[in-house]
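Take a walk through this structure, one site at a time. Keep the viewer open as you read.

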Amino acid sequence: MSEAIDRVVAQGEAEEARLKAEGRVEQRKEVAELKDAGNAAFTAKDFDKACDLYSEALELDHGANLTARSDAPEHALTGVLFANRAAALLKLERPAEAETDCRRALQRAASAKLLARCALACLAQGGEDKVADAFGCVCEGLMLEPNHAVSRKALQEVRNAPGGRLLRPDGDCLAKLKSRIKRRGDAGLLGYALAYVDVLQRLAPEESAAFAHDASTWSTCLGGRIPEPITAAPAAANSPSMDPTL
């Protein structure tokens with residue numbers, strides 16, 4: 001009798017799990033459709049509508065309130081939604097809300113593009129503290145992608161802001177940057193090494209003198225050769241593939 005009851009309970013639990021899984025699949029599909037509709041509105045420059053559609057998608061997305069990283073596909077989609085809504089909020093001149101959404105997306109996975117967006121949101125709010133926050137975002141972005149054009153442009157905007165030219169990376173960031181230069185140079189990845197030397201020159205020019213000789217040697221070695229492509233560091237499994245148009 002007890003075994004029969006256990007079987008019935010197990011069957012019921014299995015059916016409940018199946019229905020729940022099916023519901024989540026449908027829900028995720030609806031969230032993705034709302035995201036695509038938001039992207040279309042953004043492309044059409046209807047930023048209010050885009051923001052509303054992303055918000056609606058986030059209300060349906062059960063992963064929107066999570067803060068820990070996860071490899072679940074829907075968790076990555078949540079990051080994309082926050083990143084996309086941040087872009088729309090920036091266009092609507094609501095930078096504080098845009099920064100909040102950027103940081104929510106960054107909790108899930110970081111990218112140079114998203115960090116540059118967060119930097120611009122910080123800059124738009126004004127004030128020395130926000131300029132410093134923007135500089136921190138740019139530093140992190142250039143550590144991920146040393147040749148990232150948008151991050152370089154954001155850095156220039158930081159430098160042009162009040163007090164921006166005096167900002168320097170903290171000791172931990174400088175140590176990591178110097179380590180990357182040395183390790184890539186020692187490994188013969190000269191294009192990568194030179195890209196990080198360039199980042200060091202942009203972030204802390206007085207610190208780059210120590211690598212002047214190495215950089216000259218590496219440049220000579222690369223003369224007439226096409227260096228290896230400088231791309232982002234390997235992305236995490238849950239790294240959101242940010243929509244290229246946003």
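**Leucine 203 and the core**

Leave aside the neighbours of leucine 203 within four places in sequence, and it is in contact with Phe135, Cys139, Leu142, Leu155, Arg159, Leu167, Arg168, Pro169 and Leu177. Note that the model is predicted. The largest nonpolar core holds 59 residues. Of these, Leu203 and Phe42 touch the most other members. In soluble globular proteins, nonpolar side chains tend to be buried together.

Beyond its neighbours within four places in sequence, histidine 148 is in contact with Leu142, Ala112 and Lys113. Histidine 148 sits in the loop between α6 (128-144) and α7 (149-160). Is histidine 148 buried or exposed? Its relative accessible area is 13%, under the 20% cut-off, so histidine 148 counts as buried. Its side chain also has a polar partner: the side chain of serine 151, at 2.8 Å.

Now move to helix α4 (residues 95-108), where arginine 104 is placed. Arginine 104 has a relative accessible area of 34%. That value lies between the 20% and 50% cut-offs, so arginine 104 is partly exposed. Which side chain does arginine 104 join in a polar contact? The partner is aspartate 101, and the contact is 3.1 Å. Setting aside neighbours within four places in sequence, arginine 104 is in contact with Phe82 and Arg85. Valine 80 is 24 residues from arginine 104 along the chain, and their C-alpha atoms are separated by 10.0 Å.

Conventions: Residues are numbered from 1 along each chain as its sequence is written. This is a predicted model: local features need pLDDT of at least 70, side-chain atom pairs count only at pLDDT 80 or more; totals for chains, interfaces and linings use all residues. Side-chain values use heavy atoms; hydrogens and water are left out. Helices (H or I, at least four residues) and strands (E, at least two) are DSSP runs, numbered from the N terminus. Buried means under 20% relative accessible area, exposed over 50%, partly exposed in between (1.4 Å probe, protein chains only). Contact means heavy atoms within 4.5 Å. A polar contact is a pair of N or O atoms within 3.5 Å; within protein, one must be able to donate a hydrogen and the other to accept it, and residues adjacent in sequence count only if both atoms are side-chain atoms. A nonpolar core is a set of buried Ala, Val, Leu, Ile, Met, Phe, Trp, Tyr and Cys residues joined through side-chain atoms within 4.5 Å.
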